[in-house]
Amino acid sequence: MTQIKSDTCSIDISVGGMTCASCVGRVEKALSKVPGVLSASVNLAMESARIETLGDEGMEAQLRRAIRDAGYEPRSSAQADAALNASPWTGFAPVAWGLVLSTPLVIPMVGDLWGQHWMLSAWLQFVLATPVQFVLGARFYKAGWHALKALSGNMDLLVALGTSAGWLLSVWLWLTAAPGSMPHLYFEGSAVVVTLVLLGKWLEARAKQQTTSAIRALHALRPETAHWSGPEGWVDVPLLEVMQGDCLKVLPGERFPVDGVVLEGQTQVDESMLTGESLHVLKTVGDRVTGASINGEGPVQMRVTAVGQETVLAHIIRLVEDAQAAKAPIQRLVDQVSAVFVPVVLGVAMVTLLAWLSWGHSFETALIHAVAVLVIACPCALGLATPAAIMAGTGVAAQHGILIKDAQALELAHQVDTVAFDKTGTLTLGQPRVTVQWTPPGQDANAALAIAAGLQSGSEHPLARAVGHWAQAQQVVADHMDQVHIVAGRGVAAQQASHSYWMGSLAWSVEGGLVMAPWQAQVDQMHAQGATVSALVEKNGDRAELLALFAYGDEPKPGAAEALVALRQRGLRLVMISGDNQAAAEAMARRLGLRPEAGEVRAQVLPEDKSALIEQLKQGGHKVAMVGDGVNDAPALAAAHVGMAMGNGTDVAMHAAGITLMRGDVSLVGDALDISARTVAKIRQNLFWAFIYNVAGIPLAAMGFLNPVLAGGAMAMSSVSVMTNALWLKSWRPRDHTKPSR
């Protein structure tokens, strides 16, 4: 998939044949050498590469050639999909053959434990072990050779060197043995190690399929066909033929094929795939419906507004894929270690060989211990530790309405100690209504309202919509205005014939010359009731005349107060940021359970100052999360360590944020912090186990406490244990916020 971004593009390529963290480094290095490549990031768990390049039509072909030249397979989209959707038993045949051929070699070893001597003849051991070594193990030689040509190392090189050494030693001992004698051979060690590694990679592949289940589940939500209204009536057409503006029919129990607007009918819609919320939502004429949501009891007709990659579902899939493909900052340490890991292991194996020889042991004994070092040191688990946890964490979060598009946000979220909230639309419903219109003596209330409605008719601000609804309720027609000019965070100004009007915040009105003293008592009374107040002013030369005051009321979001209590119980500092005056902001804050006296309210903050306030909190040593929903929140969302955008907000806010809360539910903030903490914990656990296998295993192998068979088993289990540990994240569920916290 290629996404064009201005003069650059992002190219995703599926890569086959990678086995460990060292492979990741080789592919990234090969891709980075291609002219025009700005950056390359390879994900071992997803077996994919994401490359940022300068726009060039032939770039993808060059990148695929670079991957192939490095010794790996650039796969097509069809091949990648086939790998993801393959049967769980795909690839088990080599493992099965390895088990069949290796078992006769292992049985005599078990018999020795019980005093039974069932040793097979040397030629039979050779016949059983050789196909395992050179047929089933051919993949290790091929990949190891490519690594050697690139003057680097990987898991395959270590396995190939270690098992070949054991096989060659066995052949040498067999051919040089005295006639009639039966030397101790190591064919079973080499064969079992190859089989165990193959088994480990197969188990690892099965676990990878489970980590990508969230993406596959999202893709599966798309219906194959749609009921389309054509010249000959209703016909079923493939989804790929549906275009924007088409009229579709959706029957009860069917999924909406694409995004659209209800044209006819009424129904209840299950949007749990989008929001994680199980309660159905009422949809009537004019309401938006989202592709892949499920129609309830009523048939409806809809007009298509978005298809293909422009739908909400496609956007969700893209965000989850981006997050899973990205590298967390902690991965950089792993990459640095992996770059030098294999050469160091080769050095340790050589030192082990020489040390045992210098202590007077036979070459046979010294070589077996060196082989054990090579086998146990494979860095598979290191490369899987971080991406496996990120894939599982972001996948389960998406299923519950939390879209994490930035791996860095995922890693930082658990460190957050301060959460800043925008007020309107985030903590409140964002649907303010006019509660009071006050007109000074001598002014006509309806005439003032007509002017106000005309001024606000071109704005999408919630307060502007409230004025429009108020005018409709009073059956007042809006006046036509010229030269309408919106001043962000302050208000709107316009001309009408020779008159100049503006409507906005009281502070802006005072800056424009309005004297508030005569009306201050009325304003204070409105503020005391928790209302937001705006002024309608007529400008005549240097004189500003008040035409009306409008008081607006909003309601807290259901569950917002309880969610804030839960966040405070986590030890978080809470801050509400509002453009309202201090009195109105504090009144709403108290309704939400916030404490203005503790500095939890920042009022009269202009949109351009929100990001500065976030920077101020950061400079105080805090790890800050910003939660918002509007265009004016985007700079603050970008400035925070972690930006969280409400899914009911604007596209700009969601693009600026690292995390999107699809339900617009404040309780999801705590859930996002929780899944972040659990994912980072899994990453650390995985890295601990990945390192501990090597830190403990290499010295034990070098000192002779591990033979190659045990080393091979431990190496295989290291990868499997890391993947299994990451998959525990799939059992995560958001906390039930209806129950009191302990």
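Buried means under 20% relative accessible area, exposed over 50%, and partly exposed in between (1.4 Å probe, protein chains only). This is a predicted model, where local features need pLDDT of at least 70, side-chain atom pairs count only at pLDDT 80 or more, and totals for chains, interfaces and linings use all residues. Residues are numbered from 1 along each chain as its sequence is written, and side-chain values use heavy atoms, leaving out hydrogens and water.

Start by selecting Arg 50 and Asp 12, both buried. Their side chains meet in a salt bridge (2.6 Å, N to O), that is, a side-chain nitrogen of Lys or Arg within 4 Å of a carboxyl oxygen of Asp or Glu. Arg 50 sits in strand E4 (residues 48–54) and Asp 12 in strand E2 (residues 8–16), so the pair ties together parts 38 residues apart in sequence. Helices (H or I, at least four residues) and strands (E, at least two) are DSSP runs, numbered from the N terminus.

Next, pick helix H26 (667–702). Here Arg 678 and Asp 674 lie 4 residues apart, about one turn of the helix, and form a salt bridge of 3.0 Å, N to O. Arg 678 is partly exposed at 44% relative accessibility, while Asp 674 is buried at 18%.

Finish at helix H21 (residues 560–569), where Ala 560, Ala 563, Leu 564, Ala 566 and Leu 567 are buried. Viewed down the axis of H21, its buried residues fall within an arc of 160 degrees (directions from the helix axis to the C-beta atoms), so they line one face of the helix. Show their contacts (heavy atoms within 4.5 Å): the buried residues pack against E16, H16, E23 and H26.
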